[in-house]
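Open the model in your viewer and keep the selection tool at hand. Each stop below says what to select and what is there.

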Amino acid sequence: LWRQIDGNFALEKPKVVVTIDMTLPQWTAPATADKRLVNHWQNYILALRKHENGHALIGTQAARDIEQKLLALPRVPTADALKELAESTCQQVLIEARAKEKKFDKKTDHGMNDGARFP
């Protein structure tokens with residue numbers, strides 16, 4: 001939502017909502033499964049969830065950053081200019097978030113350095 005103030009346009013109470021869907025592999029071990037394999041699987045899933053939570057944290061931080069930057073946008077002379085400024089602001093934050101994600105994956109070797117490795 002935007003509002004017009006003294007002939008200029010500004011965003012009014014921008015709000016960013018984040019929805020994160022995380023899909024992890026599932027396995028129901030048969031009763032005959034080797035206990036070491038079951039233990040390895042459980043450790044893998046815990047490490048994978050922790051790694052994916054790291055990605056989720058980057059995403060939620062990006063959403064907070066977008067909201068703060070949108071709140072700080074200056075007034076502009078047209079609604080189109082406001083839309084363009086808001087979109088470019090969001091895109092810049094998303095570019096930065098993607099770079100953080102790549103750095104995170106490189107640092108953790110996609111979680112494998114922290115145990116997200118199977119078998």
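Select Met 112, which sits in the segment after H2. The model is a predicted one. Met 112 has a relative accessible area of 30%, so it counts as partly exposed.

**Along the segment after H2**

Go to Asn 113, also placed in the segment after H2. Its relative accessible area is 49%, so Asn 113 is partly exposed. The cut-off explains the label: exposed means over 50%. Show what surrounds this residue. With neighbours up to four places away in sequence set aside, Asn 113 contacts Lys 107 and Thr 108. Then select Ala 47. Asn 113 and Ala 47 are separated by 66 residues in sequence, yet their C-alpha atoms are 9.4 Å apart.

Select Asp 109. This residue belongs to the segment after H2. Asp 109 is partly exposed, because its relative accessible area is 31%.

Next, select Phe 118 and Pro 119 together and display the backbone. The peptide bond leading from Phe 118 to Pro 119 is cis, and omega is near -5°. Pro 119 lies in the segment after H2.

**Asp 105 and the histidines**

Move to helix H2, which covers residues 79-108, and pick Asp 105 within it. Asp 105 is buried, but it has no salt bridge. Which side chain of opposite charge is nearest to Asp 105? That is Lys 102, at 9.5 Å.

Now show the side chain of His 51. A polar contact of 2.9 Å links the side chains of His 51 and Asp 105. Leaving out residues up to four places away in sequence, Asp 105 touches His 51, His 55 and His 110.

Take His 55 from that group. His 55 is located in helix H1. Is His 55 buried or exposed? It is buried, because its relative accessibility is 13%. With its neighbours within four places in sequence left aside, His 55 contacts Glu 101, Phe 104 and Asp 105.

**The salt bridges**

How many salt bridges does the structure hold? There are two.

For one of them, select Arg 3 and Glu 12. Their side chains form a salt bridge, with 3.6 Å from N to O. Arg 3 has a relative accessible area of 36%, so it is partly exposed. Glu 12 is partly exposed because its value is 32%.

For the other, select Arg 36 and Asp 34. A salt bridge joins this pair, and the closest N and O atoms are 3.2 Å apart. Arg 36 counts as exposed because its relative accessibility is 67%. Asp 34 has 34%, so it is partly exposed.

**The loop between S2 and H1**

Select Lys 13, in the loop between S2 and H1. Check the backbone here. Lys 13 is not a glycine, yet its phi is positive at about 50°. Its relative accessibility is 74%, so Lys 13 counts as exposed.

Stay in the loop and select Ile 20. The loop runs between strand S2 (8-11) and helix H1 (35-71). Ile 20 counts as partly exposed because its relative accessibility is 42%.

Which kind of patch do Val 18, Ile 20 and Met 22 form? The patch is nonpolar and on the surface, and together the three residues have about 220 Å² of accessible area.

Methods: Residues numbered from 1 in each chain as written. Predicted model: local features only at pLDDT ≥ 70, side-chain atom pairs only at ≥ 80, totals over all residues. Heavy atoms only, no water. Patch = residues over 30% accessible without salt bridge, like charges linked within 9 Å, V, L, I, M, F, W, Y side chains within 5 Å. Areas by Shrake-Rupley, 256 points an atom, 1.4 Å probe, with all protein chains shown as cover. Salt bridge = Lys/Arg side-chain N within 4 Å of Asp/Glu carboxyl O. Helix = DSSP H or I, 4+ residues; strand = E, 2+ residues; numbered from the N terminus. Buried < 20%, exposed > 50% of the residue type's maximum accessible area, 1.4 Å probe, protein only. Lys, Arg positive; Asp, Glu negative; His and termini not counted. Polar contact = N/O pair within 3.5 Å; in protein donor to acceptor, adjacent residues only side chain to side chain. Contact = heavy atoms within 4.5 Å.
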